[in-house]
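This report describes one structure, part by part. Please look over the sequence and the model before reading on.

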Amino acid sequence: MCSLEKRGNVYILTLTGDHQHRLNPTLLDAISAALHCVKSETIATSSSSALITTSEGKFFSNGFDLDWSLSDLKRLKIMSLKLRSVIKDLLSLPMPTIAAITGHASAAGAILALSHDYVYMRKDRGFIYMSEVDIGLKMPDWFMTVLKCKIGSPAVWRDLVLKGRKMTAEVAVEKGVIEAACENAEMTVEKAVELGEELVNRRWKGHVYADNRMTVFGELLKAVEFDEVVENADLNRIRKNMARM
């Protein structure tokens, strides 16, 4: 599901396998375990570190595993809770975080990427986008809070959410959605590692970095406590909406 390696003081968390990396409890638990490992090691050694999250295959993540979750409301709630827990882990991680998007990042997968401090993306292939309007799903309020915290332009929010606009890396840079567009998948990871090493060399105190991040994104920390979509979900209606597509 995922692997964790360390290059110096830079951790690289990779979603493994040539598939869509749908965010189901199994994958989310694996990501959470990796984040907890990184946090524990960093605290134990009092070292300055950075985290990069990337993926193998065509997709960074194609969002929630709806095939798994829409059979039972309990499953939908579990999946939402686990993603929100991963986002809280990222926001409280005592180090800079960088998403290196080497494939498509859609819906909840885009939210996962944007919850990192910095986002790099390959420009030779792949899009970042919110697919909810296309597949007939209401987007949770907390997703919108992520977009507002990470992207400055209401016009860009509109295009992502109400048009379902698929942005290439170069367009995403132009629109202020991501930081950098890189030549290919390998270069995306390498540039993310370079940034990670640069930030590690600042030798910031991890707990101070995390405290400041949580102050900056305090609104987001509050928002992830609740998902009104799953609490009020009508699975039959959702299935019908998706069946029309």
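What covers the buried residues of helix 1? The cover includes strand 1 (2-7), strand 2 (10-15), strand 3 (50-55), helix 2, helix 3 (73-92) and helix 4 (108-114). The model is a predicted one.

## Helix 1

The buried residues of helix 1 are P25, L27, L28, I31, S32, A34, L35, V38 and T42. Strands and helices both take part in covering these residues, strand 3 and helix 3 among them.

Helix 1 is 21 residues in length. From its first C-alpha to its last, helix 1 reaches 30 Å, which is close to the 30 Å expected at 1.5 Å a residue. Just after helix 1 comes S46, with a positive phi of about 55 degrees.

Three strands form an open sheet with parallel pairing, in the order 4-6-8. Strand 4 (59-61) and strand 8 (128-129) are the edge strands, each pairing on one side only.

Strand 6 (residues 104-106) and strand 8 run parallel and are joined by two bridges. In strand 8, I128 is the bridge partner of A105.

## The largest pocket

The largest pocket holds about 590 Å³ of space. It is lined by 32 residues, and those closest to its centre are L66, L137, K138, V229 and I238. The elements that give two or more residues to this lining are helix 2 (66-69), helix 5 (132-135), helix 12 (228-231) and helix 13 (235-243).

Helix 13 gives the most to the lining of the largest pocket, with four residues. By class, the lining of the largest pocket has 16 nonpolar, seven polar and nine charged residues.

## The second largest pocket

How much space lies in the second largest pocket, and which residues lie nearest its centre? The space comes to about 260 Å³. This pocket is lined by 16 residues, and S46, S47, K205, G206 and H207 lie nearest its centre.

Helix 1 (25-45) and helix 10 (206-216) are the elements that give two or more residues to the lining of the second largest pocket. Helix 10 gives the most, with five residues. The lining of the second largest pocket divides into five nonpolar, seven polar and four charged residues.

## The cavities

The structure holds two cavities of 30 Å³ or more. About 70 Å³ of space lies in the largest cavity. Its lining consists of S47, S48, S49, P94, M95, P96, L199, V200, W204, K205, G206 and Y209. Among these, S47, K205 and G206 also lie nearest the centre of the second largest pocket. Helix 9 (185-200) and helix 10 each supply at least two residues of the lining of the largest cavity. By class, this lining has seven nonpolar, four polar and one charged residues.

The second largest cavity has about 30 Å³ of space. It is lined by L13, I31, L35, T53, L90, L112 and H116. Of these, I31 and L35 are among the buried residues of helix 1. The lining of the second largest cavity divides into five nonpolar and two polar residues, with no charged residues.

Is T145 buried or exposed? T145 lies in helix 6 (residues 141-150). Its relative accessibility is 12%, so T145 counts as buried, the cut-off for buried being under 20%. Leaving aside residues up to four places away in sequence, T145 touches E219, L220 and A223.

C149 is also placed in helix 6. With a relative accessible area of 23%, C149 is partly exposed. Not counting residues up to four places away in sequence, C149 touches F217, E219 and L220.

C149 and S115 are 34 residues apart in sequence. In space, the C-alpha to C-alpha distance between C149 and S115 is 9.3 Å.

Notes:
Residues numbered from 1 in each chain as written. Predicted model: local features only at pLDDT ≥ 70, side-chain atom pairs only at ≥ 80, totals over all residues. Heavy atoms only, no water. 1 Å grid on protein atoms, 1.4 Å probe; cavity = no way out; pocket = protein on both sides within 12 Å on 5 of 7 lines; lining within 4 Å. Points joined across faces, edges and corners; volume = space filled by probe spheres on them. Nonpolar A, V, L, I, M, F, W, Y, C, P; charged D, E, K, R; others polar. Pairing = 2+ DSSP bridges. Expected span 1.5 Å × (residues − 1). Buried < 20%, exposed > 50% of the residue type's maximum accessible area, 1.4 Å probe, protein only. Contact = heavy atoms within 4.5 Å.
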